[in-house]
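Please open the model in your viewer and keep the selection panel at hand.

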Amino acid sequence: MIWSPAAASIELLTAGGWGSAMLMGLARSLTIALGAFALGLVIGVAGALGKLSGGAVTRQALDLYTTIVRSVPELVLILIVYFAGADLINGVLTALGQAKIDFNGAFAGIVVLGVVQGAYSTEVIRGAILSIPYGQIEAAHAYGMSSWLTLRRITLPAMLPFALPGLSNLWLIAMKDTALLAVLGFGELTQVTRQAAGTTKAYFTFFIAAGCMYLLATMVSNLLSRRLEAWATKGVAHV
Amino acid sequence: MSSPSNEMAGGGKAGLSRLRLDAGTLTPIVAAIVLATYAALRMRWDWLGDYYPLLIRGLGMTVLLVAVTASLGMLLAIPIGLVQVVGPKWLALPARAFCTVIRGTPLLLQLWLLYYGLGSLFPQFPWIRDSALWPILRQAWPYAFLGLTLSYAAYEGEVFRGAFKGVPKGQLDAARAYGMSGFLTFRRIWLPQAFRRAMPTLAGETILQLKATPLVATITVIDVYSVAAQVRQQTYLTYEPLLLISAIYIVLAVVITKIFARLSGKSGDNTAFRKS
Amino acid sequence: MKKSILALVAGAVLAMAGTAHAEKTRVGFAPEPYPPFWVADANGNWTGWEVEIIDAVCAEAKLDCERVPVAWEGIIPALLGGKIDMIMNSMRINDERRKVIDFSDKYYEVQTMVVAAKSAAVDTTPASMDGKVIGVQVSTGQQAYAEKNFAANASEIRGYSTQDEAYQDLAAGRIDVVIDGVVAMNEFLKSPSGECCESKGALPRDPSTLGEGYGVGLRKDEPEFKAKINEAIAAIRKNGTYDAITKKYFDFDIYGGE
């Protein structure tokens, strides 16, 4: 009794069916997630350093940024950044006499999610940097290393093992948050799934297939991050 | 960070609270005043009068969603976490699978699967329409509550798994040495200790639950985000509704943090640090 | 060396963001199935009556059109914000929308129907909606009409992100009534999930909500662009392109009279 729906489902999914469209959607989701995660890391390092060694105004501004992003739902933030962000940048450009930029879907998605990721990254990296035994930084200064050199050679590598668990969690969040872009109409995996389900009326088939794809991506990510953590904590005594 | 400075207070502002009046404190205050004036003067708020009742209704639904799903989810999470630490394999493995699947897939997808996926089954089983549950199954909110509860249960199940595992085994051994039964140990030693370990994370997780609630608008449940969306569609204002509900969510997040701070204060923090 | 790296990165970012802008006209549409106007195939390509009309109008007006998917509920803000240049997605020309955007001349017009389960005792009068749950797509003329005329009687007017989801819930029995244009409704009734239901009658003409036909949504301060679009619409009607496309999908004239 369950074979015919199962067979029908498989037929719907394979090439000629919607399977390839969904895989493309998955690729787009992963691309946006990767871009957002990378942007989040850049913002995170800058933000963490700002919070740790910046002036009072910088710290307050960063506190405001992280508090807002961590209290306001991503969906609302995505809408605000999508409209306000584009307005701001285009406003600046028109003021400078340049032509307006059109933000294509992937770019907007990466910027929006990257800003959200940045706030969380800031806290993770800040916590990680604070966990570095201060003696290492002191030693670097004693050697006469410049701030930039200290950052590059000591701080960032040393904070990595502490930051990895938090960062790998953020990567998973980045992947799942790309689904929210479906509400804006961007063609990533969840949107393609909704389209396929709506066209064929095979809702269960496609939502479960999409779930499996996300799950696969998550499990692969978990495996990779465990490997990464093992590599980063080489030589460190494990609990 | 910048702790209240006693010297400054004694210095020249007798009677005022111990605020350090430097750039760090002034800037956000000035910025807030500037933004508030800008918002009040240059933005359109006339729609508030018309949409006030709807906003209250949406706000009520949001608060209900967070409160109910967090409570029910927590109740579910305790056995889910416990069974992975102590329980028989045939219970622990499904619990593990449940947590992995829910945490590994987007909540939006789960909500759509529950609402539209199950919904697509109804025409195939006509007897469902005649059953007593039909008036409930017809509506959207049961699916929202179910989806959010399962999601919270999965995430907190993982938290409780770590919390139960983290309680020092010595405490459980001591309980057994006293002749406490398994259930008594659980009730008096294991659970309260695990709860205390989990508490700091729970505040953050509940705020995450709050941030997840807007997704129910996509399955036609009217929460505060859905009202803001309606205002946007009918008045074509982009920013004002979104800014208003951002402020609402920030206030709700602060309330949740305060509630959990109160709860963890009550659970007998036996450190020497006194909360001023 | 750092400066040139920075310049390179900035350049790459701007290039990536700005490539689409050049001379393309971005046509906004909601990426949801709405047969026979919008149908997606397995490769994600959109076909349908409206898709072909868009191509014809763009060819006639000599515009390099690019279809940009935007969720329906955000499509007017996207137009106002400059993310798209025109909306051509079965959008009714009604007074509410006229307050914020401009419209071209209509390019089709059909009646709006009430559809419900075969056993439901529903017609187009407000009284028959007593205690019923009405499903409409958000931000549509149908929703405005329902809120205006049926809100007092209906037990609930549920708003869906896509029309397709409203039909889905009607088939599932979760809602009692759906309001939609007759053409899309007929497609639903012909489909397997539409076997549950039938048409319950046409709603009267109401320019303020249901509008005066479907037109292209445009920004308000662009008279030359609007004139170009109007000329293109008139031209494809005159030279037979419109009729040729229409014949592929319908056996009646969807323009709906002058």
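**The sheet of chain C**

Begin with chain C and select its open sheet, in which five strands follow the order β4-β1-β5-β12-β6 with mixed pairing. Strands pair if DSSP finds at least two bridges between them; strands (E, at least two residues) and helices (H or I, at least four residues) are DSSP runs numbered from the N terminus. The model is a predicted one, in which local features need pLDDT of at least 70 and side-chain atom pairs count only at pLDDT 80 or more, while totals for chains, interfaces and linings use all residues. Residues are numbered from 1 along each chain as its sequence is written, with chains lettered from A and ligands numbered from 1 in the order in which they are written.

Next, colour β4 (65-69) and β6 (102-108) of chain C: these are the edge strands, each with a single partner, so one side of each has no neighbour in the sheet. On average, neighbouring strands of this sheet are turned by 30° against each other, direction ignored. Axes here are lines fitted to C-alpha atoms, for helices over the stretch in contact, and angles run from 0 to 180 degrees between N-to-C directions.

Now select β1 (25-29) and β5 (86-92) of chain C, which pair in the parallel sense over two bridges. Across this pairing, C:V27 has C:M86 in β5(C) as its bridge partner.

**Helices on the sheet**

Contact means that the C-beta atoms of two residues, placed from the backbone, lie within 7 Å. Then select α8 (223-238) of chain C, which lies across β6 and β12 (214-218) of chain C and runs at about 5° to β6(C).

**Where chain B meets its neighbours**

Show chains B and C together: 13 residues of chain B and 19 residues of chain C form the contact. On the chain B side, α5 (107-119) and α11 (224-235) are the elements giving two or more residues.

Turn to chains B and A, where 30 residues of chain B touch 32 residues of chain A. Which helix of chain B gives the most to this side? It is α12(B), with seven residues.

**Chain A**

Of its 239 residues, 43% are buried, that is, have 20 or more other C-beta atoms, placed from the backbone, within 10 Å of their own.

How values were computed. A residue is buried if 20 or more other C-beta atoms lie within 10 Å of its own, exposed if 12 or fewer, and partly exposed in between; C-beta atoms are placed from the backbone.
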